[in-house]
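Here is a walk through one fold, written for someone who would rather look at the model than at a table of angles. Keep the viewer open while you read.

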Amino acid sequence: MLRIRPARVNDAKALVALHYAAVHAVSPGHYTPAQLAAWSPLPDAARHAWLRGVICTPTLRVLVGEVDGQPCGFAIADLAEGRVNALYVAPAHAGCGLGRALLAACEHALQAQGHAQGTVRASLNAEAFYAAAGYRALGPALQPLADGSALPCVEMSRPLI
């Protein structure tokens with residue numbers, strides 16, 4: 001059974017591990033091992049603390065996708081910017097509709113804040129996912145990473161109303 005719920009602070013450790021697994025399952029044709037390591041370093045206490053802080057940020061909506069009560073995906077919507085900041089699904093649950101359900105929940109949250117348009121910086125491996133959901137590519141972009149590097153991606157948008 002699939003359920004989308006708000007993230008709780010005690011989800012941070014599981015979500016950081018999920019992020020690591022999802023990022024490192026990305027096809028090597030999209031990004032180099034060094035880019036993947038910068039995008040999602042090994043889970044540690046600092047990353048857990050960072051995500052706990054994100055969960056508590058009032059302008060961000062962090063949603064967890066559960067399958068049979070287990071966190072299998074998560075998404076972060078920036079309510080102030082009208083942007084989907086992150087969407088990750090555990091590799092074992094890719095293609096089962098969890099990503100689309102998380103995206104729909106993010107879009108609903110953005111729409112509830114009055115945003116008529118949703119945007120995302122899609123990773124190269126996720127561009128087709130967002131295109132299938134109605135997002136239109138606006139052009140190449142760079143996503144800044146914590147280590148100071150930047151990940152090539154695609155700026156995309158979609159009307160929400």
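Strand 6 and strand 7 (residues 150-159) run antiparallel and are joined by eight bridges. A quick word on terms: helices (H or I, at least four residues) and strands (E, at least two) are DSSP runs, numbered from the N terminus, and two strands pair if DSSP finds at least two bridges between them. The model is predicted, so local features need pLDDT of at least 70 and side-chain atom pairs count only at pLDDT 80 or more, while totals for chains, interfaces and linings use all residues. Residues are numbered from 1 along each chain as its sequence is written, and side-chain values use heavy atoms, with hydrogens and water left out.

Back to the hairpin. Five residues sit between strand 6 and strand 7, and G148 there has a positive phi near 95°. Q143 belongs to strand 6 and stands opposite L151 in strand 7. Leaving aside residues up to four places away in sequence, Q143 touches R121, S149, A150, L151 and C153; contact here means heavy atoms within 4.5 Å.

G134 touches S157 and R158, with residues up to four places away in sequence not counted.

Seven strands make up an open, mixed sheet in the order 1-2-3-4-5-7-6. Its edges are strand 1 (2-6) and strand 6 (136-144), each of which pairs on one side only. From one strand to the next, the twist averages 30°.

R5 stands opposite V64 in strand 2. The loop between strand 2 and strand 3 holds D68, whose phi is near 55°, a positive value in a residue other than glycine.

| Residue | Relative accessible area | Class |
|---|---|---|
| D68 | 60% | exposed |
| G134 | 40% | partly exposed |
| Q143 | 28% | partly exposed |

Two C-alpha to C-alpha distances are handy for orientation. G134 and R158 are 24 residues apart in sequence and 6.2 Å apart in space. Q143 and A46 are 97 residues apart in sequence and 21 Å apart in space.

Axes are lines fitted to C-alpha atoms, for helices over the stretch in contact, and angles run from 0 to 180 degrees between N-to-C directions.

What angle do helix 1 and helix 3 (residues 45-55) pack at? The angle is about 110°, and their axes are 9 Å apart. That makes helix 1 roughly perpendicular to helix 3, a label for angles of 65 to 115 degrees. On the helix 1 side, the contact is made by A12, K13, L15, V16 and H19; on the helix 3 side, by R47, H48, L51, R52 and I55.

Conventions. Angles under 35 degrees count as roughly parallel, over 145 as roughly antiparallel, 65 to 115 as roughly perpendicular and the rest as oblique. Buried means under 20% relative accessible area, exposed over 50%, partly exposed in between (1.4 Å probe, protein chains only).
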